[in-house]
Amino acid sequence: MTSLTSTLPIVDHPNAAREFVTNEPRSHWHDDSLWFVRSKRDKQAQSIPEWEYLREQASAIKTHTIAKLPEYLQQFEANATRLGAVVHWAADAEEHNRIVLDLLRRNDTLRIVKSKSMLTEECGLNEYLIENGIEVVDTDLGERIVQLRGETPSHIVLPAIHIKKEEVGDTFHEHLGTRAGESDPQVLTEAARGHLRGKFLSGEVGITGVNFAIADTGGLVVCTNEGNADLGVSLPRIHIACMGIEKLVPRFQDLSVFTRLLARSATGQPITSYTSHFHGPRDENSELHIVLVDNGRSKIRDSKTFRDSLHCIRCGACMNTCPVYRRSGGHSYRATVPGPIGSVLGPAKNAKAHKSLPFACSLCGSCTDVCPVKIPLHHQLLAWRKVLVGKRLVAWNKRMAMKAASFLFRNPPLFAAAGYLGRVALKVLPKSLTHNRFNTWAKDRDLPEPPKKSFHEWYAKNRPSGSQTVSREEQS
């Protein structure tokens with residue numbers, strides 16, 4: 001079978017973002033909504049004196065776990081099996097999907113209820129099961145909204161953040177029969193609750209993702225705010241938990257570090273409403289199947305430069321703070337995981353398909369600042385740019401522009417002259433010369449007010465008396 005990653009279309013982020021960016025009301029509304037979540041995160045972080053210590057601990061635990069991942073995976077399998085779970089190993093997305101379908105067919109299943117799982121999104125499980133005659137119902141409210149609309153999630157924690165309540169009302173009117181024009185969130189939520197209740201009762205198998213797995217106990221942890229994962233696996237006899245192999249933590253006591261960081265970073269809450277633990281099947285008549293999925297993670301683990309990206313706990317904090325993501329929307333990345341972390345993981349899976357994503361970044365470093373597990377995201381994005389240039393996957397005009405910039409920066413007199421001409425041009429040339437339909441860079445961007453003089457001129461006039469220029473030899 002052909003690999004999913006080999007058939008991915010090439011993502012052109014600037015073009016994919018154009019519709020969202022040029023819709024200024026939506027773009028600014030989206031920006032404000034995510035910044036509100038980021039602000040809540042900051043308040044929670046500031047409320048804990050040991051916040052930076054927790055981040056350091058989480059990063060150290062993840063570094064240790066990834067270094068000894070084979071041993072911890074074997075330990076987890078042994079302990080989960082001892083508890084009565086059945087552990088399956090999947091090398092890639094196709095094998096994961098086949099394992100799940102085989103389990104469903106073995107139990108004559110036609111209807112499943114599924115809680116939010118970015119891994120199953122990554123593997124394309126919904127589409128695969130539907131093609132094979134299985135009804136799939138996403139039970140997370142945001143996921144159900146995008147599923148009814150025939151869309152994919154635009155955010156890993158807030159899957160419907162790009163959709164306004166009026167549009168949700170239109171969707172529910174079409175699919176659930178609510179009143180036309182209804183946009184009251186309380187009414188819409190009640191309609192969704194009534195709709196999903198019947199789905200829960202008729203579900204034959206429950207599928208969940210996994211937030212954390214604990215090597216020394218063999219247990220799983222699933223975090224939700226709606227309780228849908230608990231209900232989805234409480235009624236059916238069979239629970240299938242799908243997890244990426246990087247979700248492990250070594251010891252049960254390590255879990256407390258991550259549960260203190262996850263919700264605060266994701267939604268600005270002290271903790272998720274439901275932090276559910278699963279240790280084997282719930283009774284002797286039930287089954288728990290755990291599908292451990294690699295799908296390129298071992299390849300990332302082998303890279304010294306990008307290995308730290310496997311620390312990710314999928315909180316979405318980097319997306320909430322990223323100025324590019326907030327203005328361009330999650331769908332512009334054409335990836336299961338968008339935003340800064342997605343721009344690192346995407347090229348790791350298929351550099352050619354996702355070559356534009358590391359450039360969808362201002363290198364402001366805000367993503368690195370908020371990451372609860374201290375992934376050096378903006379450094380990794382810069383490293384990816386170097387890798388892509390080395391693979392000649394960057395457009396020729398960008399390569400030429402960077403060579404011209406390098407030449408300019410290495411010639412101080414030329415650089416000073418260019419700065420002077422640029423300041424003059426900003427003052428005298430009409431804005432229409434740069435901001436027109438032929439210059440895609442200028443969409444939703446503006447040029448700065450030109451300074452009256454260069455920094456060198458200002459420094460020559462204002463530097464402290466007696467200071468001298470230090471030669472390169474003196475510096476060394």
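Predicted model: local features only at pLDDT ≥ 70, side-chain atom pairs only at ≥ 80, totals over all residues.
**Exercise 1.** Which strands does helix α5 lie across, and at about what angle does α5 run to β1?

Residues are numbered from 1 along each chain as its sequence is written, and side-chain values use heavy atoms, with hydrogens and water left out.

*Solution.* 
- Find α5 at residues 93–106. Helices (H or I, at least four residues) and strands (E, at least two) are DSSP runs, numbered from the N terminus.
- α5 lies across β1, β2 (111–114), β4 (205–208), β7 (238–244) and β10. Contact means heavy atoms within 4.5 Å.
- The angle of α5 to β1 is about 145°. Angles run from 0 to 180 degrees between N-to-C directions, and axes are lines fitted to C-alpha atoms, for helices over the stretch in contact.

**Exercise 2.** Work out the strand order of the open sheet and its edges.

*Solution.* 
- Read off the 6 strands: β1-β10-β7-β4-β2-β3, with parallel pairing. Strands pair if DSSP finds at least two bridges between them.
- β1 (86–90) and β3 (135–138) each pair on one side only, which makes them the edge strands.
- Now zoom in on β1: with β10 (residues 287–293) it pairs in the parallel sense over 5 bridges, and H88 stands opposite V291 in β10.

**Exercise 3.** Describe how α3 and α12 pack.

*Solution.* 
- Take α3 (residues 51–67) and α12 (residues 255–266): they pack at about 115°, with axes 10 Å apart.
- Next, list the residues that meet: among them W51, L54 and I61 in α3, and V257, F258 and L261 in α12.
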